[in-house]
Structures are given as C-alpha cells and as structure tokens.
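Here is a short note for a colleague who is new to this model. Please read the points with the structure open.

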Amino acid sequence: MKLSYLLSCMKRKGRLQAAFAMLLFTGFHSLSFAQNMTVSGTVKDSEDGTPLIGVTIAVVGTKTGAVTNADGAYTINAAADASLSFNYTGYQKQTIAVGGQTRIDVALTVSAETLEEFVVVGFGIQKKVDVTGAVASLNIEALSELPNTNIAQFLQGTLPGLNVGVATTAGGTPPISVRGRVSLNGNQNVLVILDGIQYTGSLSAINPDDIASIDVLKDASSTAVYGAQAANGVILITSRKGRPGEKPRISFNTGYTTQTPTVGEFKPKNREGYLAGITEAFYDRAYTQESGYTAPNPTFNVKDVVDGSMRDANGELLPNDFNWWEAGTNKGTISETNLSVSGGSDKVSYLFSGGLVDQKGFIINDKFARKSIRANIELQPLNWWKVGLVSLGSFVNQDGAEPALATIQRASPLHVPYDANGNLIVSPTNTIELNAFTTYEVDDYERHNYYFANIYNEISFPFLKGLTYRLNFGNNFRTDKRYFSSIFDAGQTGRAFKDDQTYYDYTLDNIVNYNNTFGKHEVGATLLYGSIKREFNSTFAEARGFSRLTLSYNDLALGTNQFANSDGWNEALLYQMARLNYKFDNKYLVTATVRRDGFSGFAKNNKSAVFPTVALGWILSEEGFMQNMKAIELLKLRVGYGVIGNQTSRYSSIASLSTSAAYVFGDGGTTAFGQQVNRLGNDNLKWERTKGLNIGLDFSLFDGKTQGTLDAYNNNTYDLLFSVAIPSITGFDNITTNLGQINNRGLEASITQHILSKSDFSWSAGLVFSANKNKIVTLTGQDANDDGTEDDLISSGLFIGKSISTIYDYVANGVYDLDDPRLPGFPIGSMSVVDQNGDGDITPAGDRVFLGRQEPAYRISLSNTLNFKGFRLSFLLNSVQGGKESYRGVNRPFANNIPQYYREDNTVRWNDFVGIDYWSPNNPEGRYPRNISGSRAKVEPAMYENRSRQVTGCYLVLQPGCRIT
C-alpha cells in the first residue's frame with residue numbers, strides 16, 4: 001500500500017471519529033465554573049501547515065471537550081490552571097498547560113507508527129513489520145504513467161513469485177500464476193479480491209487509474225483466510241477513495257500511445273524471395289543430379305512446379321507481389337482519458353471517476369474499447385458507525401474479428417486477397433485453406449458489461465475499545481453478448497448465431513475484529529462467517545445455409561438449418577474462519593488461522609473440510625544483541641506452515657446424464673430422446689490438500705537505503721483431483737477420484753536499492769528473482785508390470801519424479817542430406833529421429849525420451865528509476881530463462897497438413913525475421929526439413945528449443961512542477 005494513501009486513510013479515520021465525538025461533548029460542562037476562561041486557536045500539520053479537521057481537544061481530568069472545524073479552529077472553556085490534550089488519529093498526542101493563555105495554536109506531528117508502511121492482508125491491513133506470511137506489495141505510483149489498459153500488465157516482472165505472461169490481444173488479460181502449479185485438475189486460477197470482495201469479472205474491466213494498491217498473498221499462512229479459493233495465491237486490489245475533510249479535487253489525464261513490435265519489422269518474403277525458395281524446395285528438378293544438385297538445370301522453370309493457382313490462363317506466373325503481412329497489420333494505438341472527482345467533509349468522503357480507453361492492436365480489427373465509471377462513497381453518521389459503497393461499472397466493446405494470422409504468414413505473394421472488383425477471393429489456393437481475410441470480412445458484435453458493488457456497514461463498539469463488526473455484501477454481475485455472421489462459414493453456405501450469457505454472484509461476509517494493546521502485548525483477532533452463491537445462464541441460437549446474409553444475425557429463421565441450446569449452472573460456498581495475531585515486546589509474532597470451507601461441488605460425504613495454518617515471526621533487530629549493529633534497521637525472520645485446500649469443479653463428484661439416440665415410435669410417430677448416465681459419481685471425492693512450509697527474511701539496511709525480502713518454500717499437495725481410467729466393462733471410461741502427490745518448491749528474492757538521493761536528483765534500482773520447480777511424487781500407486789516401480793501415466797503425460805509439464809517425445813536429429821543413411825519411411829530432406837533402441841524403426845514405445853520441461857528455470861527482472869527535477873526516466877528488464885533443460889517449446893514453422901499444394905511455406909522466423917531456414921542441397925545446414933507435398937516422413941518430430949527471452953520496457957515522464965522524492 002502506498003504511504004500517501006495510508007496516511008490519508010489514517011487521517012480520515014481520525015477526523016471522522018473526532019468530528020462526531022462533538023456529539024458526545026455537547027451539553028457537558030466543566031465542574032469548575034469560577035475560574036473558567038475561553039481558549040481558542042488552530043491545529044495544523046507540523047510539516048505542511050494543513051489545518052486538521054476533527055482534532056479532539058479535551059480538558060484533562062474533565063468531560064469538557066471540543067473538536068476543530070474545517071479551518072482547524074477550535075474554542076473551548078477551561079480553567080486557567082488546566083491542561084488541554086490534543087488527540088488526532090495518526091498523530092502524536094500533545095498535552096499543553098493553559099497557563100492563563102486565551103489562544104493556543106498547535107502543530108501536531110505524524111506519529112512514528114503512522115509512518116510505518118502498511119500492507120493489505122485478508123480482511124484488514126497490517127504494519128509490514130508485523131506480517132508473518134509471504135506478502136508482496138506493488139508500487140503503483142511508480143507505474144501509474146505506463147500506457148497499460150489492463151492492470152495485469154502492471155504486474156509483469158515486478159513481484160517475486162508472481163508469474164505474468166504476455167497478452168496476445170488488445171486489452172487482453174495475460175495468464176497469471178503464483179509460485180507455479182500445485183494441482184493437476186483442481187482449480188488453477190489466482191483469486192482476485194477487489195475492495196474486500198471476490199472479483200469474478202475480467203481484469204480488463206478495471207480501470208488502472210482507479211487503483212490505489214495491489215498486494216499479493218503467496219504462502220499458506222497469508223492465503224489461509226480465503227480458504228480453498230486461494231489455493232493458487234491471492235491478488236488484493238484496493239481502489240482509490242476520497243478523504244474526509246478534503247476540498248473537492250478534480251483529476252484529469254489523457255494520453256495517446258503508439259505500439260509496434262519491440263523486436264522490429266516483420267519481413268516475409270517478397271515475390272523474388274518466394275520463388276527462389278520454391279526453386280530450392282524442388283532441388284531435384286531445379287538442379288542437375290550430376291552436379292550434386294548445385295548446378296542449375298537449364299530446362300527448369302519455376303512456373304512448372306508452383307501450384308496451379310499461381311498461374312494464369314496461359315500458364316504463366318501471376319504478376320502479383322502482394323504483401324499479406326502489411327495488409328493484415330497496422331500500427332497499434334492506445335487512446336485513454338480519465339477524470340475523477342474526490343473529496344469529503346467531516347461526515348462523508350467520496351470519489352467519482354470515469355475513464356475511456358480505445359486500443360487498436362497490431363493486427364487489424366484487433367480492437368478493445370472500454371468505458372468505465374466508479375463511485376466510492378463512505379458516510380459516518382455516528383463516531384462508532386459508518387456505511388459505504390464501493391462500485392464499478394465497465395462496458396467493453398470488442399466488435400470486429402481479425403484476419404487469420406497463421407494463414408497470413410503462410411500466404412504466397414503471388415496471390416491476392418481481393419479481385420479487381422474488390423470482392424474477396426474465398427480461396428486463392430483453390431483448396432480447403434481459405435483466404436486469411438474470410439475471418440475479417442464478417443459481422444461481429446461482441447460486448448461485455450461488468451458491474452461490481454460492495455455495500456458495507458461497520459460498527460466500532462463504544463463499550464469495548466478495538467472491537468468492530470463489519471458486514472460486506474458484495475456483488476458481481478456480467479452480461480456477455482456475441483452476435484456473428486459470415487457468408488464464408490459452414491462450407492461457404494453462410495452461418496450466423498446469437499450467444500447471450502449472464503453471470504451473477506454475491507458474497508455475504510460477517511466479520512468481527514478485535515485489536516488492542518496490553519502493555520507489551522498486542523492482540524488481534526478476526527472471526528468470519530460468510531457465504532457465496534454463483535449462477536450462470538446462456539442461450540445460443542444458430543442457423544446455417546443462407547442464400548444471403550443481408551440481415552446478418554438478425555433473422556436466423558432465414559437459415560436452412562437452425563439450432564438452439566441453453567445452459568446454466570449454480571454453485572454455493574459456505575465458510576468460517578478464525579485468525580489470531582499476537583505480538584510481544586515488539587519482537588515476537590504469531591499468526592494462527594483456521595478456515596472451514598464448504599462447497600456444493602463435492603458429494604455428500606465430503607461437503608466441507610478444515611484447513612489450519614500457523615506462522616511465527618522474530619524481529620531480530622529489536623533484540624539487545626543487535627543494537628550495536630547500526631547498519632541494520634530491520635531484520636525479521638518468518639516461518640509459516642499450514643494446510644490449504646483446493647476444490648473440484650462443479651458437478652464433477654456426481655453422476656451426470658446425456659441424451660442418447662432418438663427413437664421413432666412407428667411411421668409418423670413421435671420422436672423420443674432417451675437419457676443415459678455418462679459419468680460415474682464419487683460420493684467419497686475429497687478436497688485436495690497442500691501442506692506448505694515458507695521461510696522468509698525481511699531486511700532494511702543503511703537507514704532504509706537497502707531493503708528486501710528472501711523466501712524459500714516447499715509445498716506438497718495430496719489427494720490430487722484426477723480423472724482415472726477404469727475398465728470399459730463398467731460401461732464408463734473414467735471416474736474423478738483422489739490420488740497421488742505433487743511437490744512444489746522454490747526461491748524468491750526482492751531487493752530495492754536507493755542508490756542516490758539529492759535535492760533535485762534521485763536514483764533507485766530494484767531486483768526481483770524467483771525460481772520454481774515441481775515434481776510428481778506419486779500417482780496411482782500401481783505397478784502393473786511388477787518391475788518394482790510405480791507406473792507412469794504415459795497417455796496423460798505424467799511421470800513419477802518429473803515435472804507436471806515434462807516433455808516426453810522423439811529427439812530430432814537434423815535433416816537427412818543427400819548421402820546420409822536413412823531409416824525406412826524417411827525421404828531425403830526430412831527430419832531424422834534418433835533411434836533410441838537401435839531396432840531400425842521409430843515407434844512411440846521404443847524411441848521417445850525425456851527432453852526437459854516446459855516451465856522456466858527462473859525469472860529475473862531489473863528496474864531503474866531516475867528522477868531529475870520535473871523528469872522521471874524508468875526502465876525495466878524482465879527475463880524468463882530456461883537454463884539447459886527448462887522452458888522448452890515446439891519450434892515448427894508448418895503444420896502437418898499444410899501445405900497440401902506445391903509451394904514453399906512463406907512463414908517468417910520470429911527470431912531473425914527472414915525466410916524459414918529450410919534444407920536444400922545448396923543449404924545443407926538448414927534447420928528445417930524440406931516442406932513440399934511428398935516430402936513428409938513417417939514420423940515428424942517436434943523440434944523443441946529453449947524459449948528464454950528478455951523484454952525491456954522504458955518510459956520517460958515529464959511532470960512539471962512536481963516535487964522529486
């Protein structure tokens with residue numbers, strides 16, 4: 001959480017409490033009338049001189065009191081020899097003797113406790129020094145100027161253990177995970193909490209300009225308060241709010257950004273290069289055999305080997321040199337505008353905001369437009385009671401469809417997408433492969449509307465200090481509309497559909513908190529009782545076979561074949577939680593949590609489960625033996641251990657029905673559809689359980705110039721939810737059950753260094769590192785072949801002792817050259833495969849081996865921020881590395897069934913942007929096999945390569961008149 005936001009919250013609370021305290025003081029009179037006098041003055045902030053509203057002034061030893069008004073002024077009756085106390089939340093209390101003075105002006109200083117950094121944790125906030133779990137906080141302020149339309153893009157490379165992928169569409173949400181996989185078939189999603197409520201909408205619906213802080217909970221101790229929903233980590237998002245006593249503040253910003261691929265221009269082959277490639281592909285005809293296929297064959301003409309679609313009626317090559325890539329792409333742009341109004345009085349605080357975003361991606365028609373509104377309002381009718389509303393409306397427009405990128409990459413420059421009259425050529429190749437623009441020339445209407453609201457009521461009981469009760473009623477509602485028509489679909493007979501979906505959920509949380517200090521003992525307790533209900537409905541109508549589509553999707557009755565279906569589901573959760581925080585002597589910390597979860601998706605025997613966690617903290621820097629180490633400002637050791645759960649998908653534990661074949665009762669009779677059980681239920685299906693250990697170290701050195709955290713964790717997941725094959729004699733293929741164990745472990749580090757800080761210049765740098773590895777410990781426990789080793793599930797790609805995403809495949813061994821000895825079924829120019837067992841044949845059982853894993857070995861990022869007067873320059877280097885055998889992926893420039901006609905694949909290589917490095921006698925070191933019809937081998941091995949990458953981002957911000965800090 002940003003410090004400035006924290007201070008505003010602390011001030012707000014104090015102002016409101018003090019302001020409404022006036023109601024309690026009204027009517028009270030001093031018992032000492034004879035020597036009373038009137039004292040007045042103002043109370044201000046000692047740093048900036050800002051008047052403080054709602055400061056409580058009391059005559060010590062009496063019930064006489066007053067509070068400051070909007071100008072920080074007060075008036076109070078007091079005896080000449082009395083003392084006045086000035087009390088304001090977040091500031092140091094002051095007591096001043098009247099001494100006969102009639103005017104006393106006071107400057108209050110922010111307390112040291114307030115200056116401490118706070119972070120958001122489940123159902124509350126904590127001082128960062130008191131946190132015992134693995135919690136990371138994002139510095140939103142440093143990233144607020146970035147042109148990101150999705151808040152997930154803020155998170156890339158910023159926090160250790162938080163893995164954020166790449167968004168591949170305009171406004172898209174990249175894949176997000178925390179500390180790798182801990183499940184096979186259980187829930188894989190990171191839990192998102194928005195303003196205290198589970199958020200089930202898209203992150204693309206949230207305006208980044210509305211965000212005040214983002215915190216991430218990573219280990220069992222910190223995520224335990226959210227139960228099984230948090231099995232894969234938690235992202236806590238807090239939106240901006242108004243400040244009590246703040247005059248209306250209007251904020252406006254607008255920006256325009258252009259986007260191009262960071263690695264440069266894509267350069268697919270032109271006509272000349274394409275025909276040269278085809279010549280090499282047909283080396284056995286283009287060159288003479290006597291020369292070893294290196295001397296040109298004078299009788300060869302490339303027009304004789306190209307596909308017939310590339311020749312005109314006279315048999316000559318088409319004259320075209322069309323750039324498909326240029327036609328299908330454009331410069332990406334982002335236009336955004338944000339307006340907000342915030343402020344408050346002593347009883348009300350508010351923030352209203354609106355935002356407009358219009359993004360056009362690099363591929364034409366890849367569009368994302370968002371209109372968002374927000375209203376955050378809080379009222380405090382009494383000093384012990386407040387109510388509030390946090391709400392969001394977001395309206396997303398993603399109309400339009402892009403051309404098929406893969407087809408564009410393969411297209412021949414001799415073909416063109418449109419004829420001379422501007423009509424689309426459905427298949428330039430006269431094959432089943434359609435024109436890339438058939439997916440573009442469509443009528444596509446896609447809208448997503450998101451609504452979020454949390455209505456809360458909070459009571460601070462006056463009879464017991466530190467005791468509060470809060471009721472949260474959170475709501476998520478979403479409507480999705482996708483209407484589509486294309487004359488090129490359904491075998492070019494035309495297809496249109498309308499798809500309408502609605503989703504709604506509510507969260508009802510009853511939260512009791514108690515926080516107090518007794519001497520050296522600080523105690524905090526949280527009790528939670530809550531429920532969640534979710535429901536989904538959809539209706540889909542489709543028609544195929546249109547004589548024309550002039551009415552698009554608006555009259556499906558015009559289609560020859562019409563279809564309709566509907567879907568719906570609901571699920572419910574019920575949960576209770578108790579948490580105890582204890583701190584002794586500012587040195588020793590304990591956090592203990594117990595959570596009980598219930599989920600409707602489990603069968604009757606295991607509807608609920610209990611998950612306990614405990615974490616300990618030791619602030620070594622407060623110990624006596626550390627006091628002489630002046631360089632160490634903070635040194636804290638954390639250890640956490642506990643059990644967290646994971647839940648199955650809805651209905652997976654119960655038997656399900658499907659419609660069987662229809663039966664007609666006699667000639668002209670009615671048609672009846674039967675139903676049959678198509679999936680077995682499992683009344684004993686249990687919750688997955690992950691037992692996790694986290695050890696962490698937090699430190700701050702050299703007066704805060706060097707700060708950081710180190711974490712090591714080891715998680716073991718038991719009772720994995722998995723669909724196991726069963727004998728077909730049962731009438732079923734599989735059943736969902738619990739089996740096996742997965743181990744997940746890793747290291748994380750985050751270090752921030754304030755390198756230089758002067759009056760007009762500052763420089764800071766940050767390093768983030770994380771490494772994660774998982775391993776399957778056990779699966780079914782079966783040993784069918786009696787070899788003393790547990791069997792792998794080869795068909796599922798799961799192997800004992802290997803990672804979940806291990807690669808088990810053939811080894812590609814280079815392209816067969818002219819004189820190379822070849823295995824049967826492998827022609828010249830095909831990719832060779834290592835014959836592992838030496839039997840002269842390539843088979844799945846005998847020749848596949850372990851090639852590595854798909855997960856990265858580690859992630860590392862380095863950030864730098866330089867401030868000079870009104871300028872800020874920031875850059876981030878984010879790297880994902882695979883080492884020797886990790887982060888491997890398939891690198892094949894063609895699909896097995898493409899092309900089916902004689903031409904060379906014109907795909908560009910993504911790493912150097914030149915034509916594919918195909919083998920030919922003139923290019924014997926080519927990486928990829930010959931790629932024409934008839935050159936395929938009996939086995940086409942996947943070519944796995946290391947995907948390690950580095951991404952660098954840099955931005956310069958001009959801030960006229962701002963103060964450099």
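**Notes on surface patches and aromatic pairs**

1. Start at Trp618, which lies in strand β28. Strands here are DSSP runs of E with at least two residues, numbered from the N terminus. Trp618 is partly exposed, at a relative accessible area of 32%. Partly exposed means between the two cut-offs: buried is under 20% relative accessible area and exposed is over 50%, with a 1.4 Å probe and protein chains only.

2. A word on the basis. This is a predicted model, where local features need pLDDT of at least 70 and side-chain atom pairs count only at pLDDT 80 or more, while totals for chains, interfaces and linings use all residues. Residues are numbered from 1 along each chain as its sequence is written, and side-chain values use heavy atoms, with hydrogens and water left out.

3. Trp618 belongs to a nonpolar surface patch, whose members also include Tyr588, Phe625, Leu637 and Ile695. Together the patch residues have about 890 Å² of accessible area, computed by the Shrake-Rupley method with a 1.4 Å probe. Patch residues have over 30% relative accessible area and no salt bridge; nonpolar side chains (Val, Leu, Ile, Met, Phe, Trp, Tyr) are joined within 5 Å, like charges within 9 Å. A salt bridge is a Lys or Arg side-chain nitrogen within 4 Å of an Asp or Glu carboxyl oxygen. Strands β27 (588-599), β28 (608-619), β29 (632-646) and β32 (688-701) each supply at least two residues of the nonpolar patch.

4. There is also a patch of positive charge on the surface: Arg745, Lys773, Lys775 and Lys802. Lys and Arg count as positive, placed at NZ of Lys and CZ of Arg. Lys802 sits in the loop between β35 (761-778) and β36 (806-809). Lys802 counts as partly exposed because its relative accessibility is 31%.

5. Now the aromatic pairs. Rings of Phe, Tyr and Trp (its six-membered ring) pair if their centres lie within 6.5 Å; planes under 30 degrees apart are stacked, over 60 edge-to-face, the rest tilted. That rule gives 30 aromatic pairs. Tyr74 is in strand β4 (residues 73-79) and Phe86 in strand β5 (residues 83-87), so the pair ties together parts 12 residues apart in sequence. Both Tyr74 and Phe86 are buried.

6. Phe395 and Tyr451 have ring centres 5.7 Å apart and planes at 70 degrees, so this pair is edge-to-face. The pair links distant parts of the chain, 56 residues apart: Phe395 is in strand β21 (residues 385-397) and Tyr451 in strand β22 (residues 443-460). Phe395 is partly exposed at 29%, and Tyr451 is partly exposed at 35%.

Terms used. Helix = DSSP H or I, 4+ residues; strand = E, 2+ residues; numbered from the N terminus.
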